[in-house]
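Please look over the sequence and structure shown here, then continue with the sections below.

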Amino acid sequence: MKVLGIDVAKSSVVCCLLSNKPSDIREVYRDSNYFYKFNADAQDIQSLLELFPDCAILEPTGVNYSRLWQTRLQQAGVKVCLVGHNELSSYRKSLGLPDKDDEADALALASYFFDYSHMPRRFLSIREPSVYFLRESIFDLEHYARVRNAITNRLKQQLAWQFPEVSNYSVKRKFLGLSPLLWRWLAGFSQSSRYDRLYCQSAGEGLTANTRKTAKILCDIYELELSIETEVAEVLKESRFSSYIEVFKNFGFGERLQALLLSEIFPIEKFLGLDGKPEIIISTGKISGKPTKKNLSKRRFKKALGAAPTRDWSGERRGYKKTGPALVKSKLYLFILTRIAPKKSRLDNEIGKKLGGMFDEMKQQKQPTRKSWGKIRCKVVEMLYEYLLKALQNS
């Protein structure tokens, strides 16, 4: 079997082609005949495919950089597997390759397959096209929101002396909503008798051409966001996501958070055992020393959403490292801020009452905000796992 380890850079890759795991890794590392370098152009991609690998092993480097190579390999019928950064780093060192360079990574990736091909969980799952689209769309929306906020802040600074009566203008645009009326009026895209009247009576120095052009740029970004959201909304309507969306609505998650969560946890079966049921084991507890039931499936689910810190113990020191996608964690904190903390915003169902009661109790006990909110976020993820599992069983 021909296995191709691929170390991806910005506009090129370094590859190592193996037919079996070498008995002497260092000897192969020193032999340039095992390695190839290809640029990200049509000719070199074809040259890579002409190596005719049966399987290709990559790191998900930068997502966008590795996507081209992953797509072209899959289109050519090559099996593609992904290895996490931490797993590759420790494995490369275990091979006696302490130096990190492109050749060492490519060699380690190819060797990794021969050692762990029989253990699917040692590899990262490859997202389906629709799920991958949701993930990319959410990252795009986050990027455009950051750009938009910077432009909005600058525009408000200009309005402070040009049209001060509206310089504190603030509005929350909903999913699939139009751009705010003030920006459309400034850009000349919409009419408003209210803003016409305010402008006539304004104490400001008057709007400049640059301010109106800036408003047009802002409206263009809103239109771009709307276009992406429209595509996301269509994907969310797919029947295979219906049970997930129903659960998300019970939690009060908005469409953007729904898409983000789907991109991380769909399908939930990937967290379960080979029999399609939660993988639960009984082992001796590290602290209690007693038989302890451990739900491995729930832990995998929590780690995927950043709600299960990795243990970092050494001697007498007991600590934990934060893991998981930062964007998911920040959006769940925002969910707590907007839908759990304010009593008037809580859902009138079992979920809203349970999470709201937990929040009120911690607040009454005067627990540190960061600690209490972290506990609530973990509870949200645990409840989400249980509700999704129940929905799977009933489907």
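## Charges over rings

A charge is said to sit over a ring if NZ of Lys or CZ of Arg is within 6 Å of the ring centre and within 35 degrees of the ring normal. The charged end of arginine 212 is placed in this way over the ring of tryptophan 185, at 5.9 Å from its centre. Lysine 390 has its charged end over the ring of tyrosine 387, 5.6 Å from the centre.

## Basis of the model

The model is predicted: local features need pLDDT of at least 70, side-chain atom pairs count only at pLDDT 80 or more, and totals for chains, interfaces and linings use all residues. Residues are numbered from 1 along each chain as its sequence is written, and side-chain values use heavy atoms, with hydrogens and water left out.

## Aromatic pairs

Rings of Phe, Tyr and Trp (its six-membered ring) pair if their centres lie within 6.5 Å; planes under 30 degrees apart count as stacked, over 60 as edge-to-face and the rest as tilted. The structure contains 21 aromatic pairs. In one of them, the ring centres of tyrosine 91 and tyrosine 112 are 5.1 Å apart and the planes stand at 80°, so the pair is edge-to-face. Because tyrosine 91 belongs to helix α4 (residues 85-94) and tyrosine 112 to helix α5 (residues 102-116), the pair ties together parts that are 21 residues apart in sequence. Helices (H or I, at least four residues) and strands (E, at least two) are DSSP runs, numbered from the N terminus. Both tyrosine 91 and tyrosine 112 are buried, a term for under 20% relative accessible area, with exposed over 50% and partly exposed in between (1.4 Å probe, protein chains only).

Tyrosine 244 and phenylalanine 266 also form an edge-to-face pair, with 5.1 Å from centre to centre and 65° between the planes. Tyrosine 244 and phenylalanine 266 are both buried. Elsewhere, ring pairs link Phe163, Tyr169, Trp183, Trp185, Tyr195 and Tyr199 into a cluster.

## The open sheet

Five strands form an open sheet with mixed pairing, in the order β3-β2-β1-β4-β5; two strands pair if DSSP finds at least two bridges between them. Since β3 (35-39) and β5 (79-82) are at the edges and each has a single partner strand, one side of each is left without a neighbour in the sheet.

Strand β2 (residues 12-18) runs antiparallel to β3 and is joined to β3 by five bridges. Valine 14 has lysine 37 in β3 as its bridge partner.
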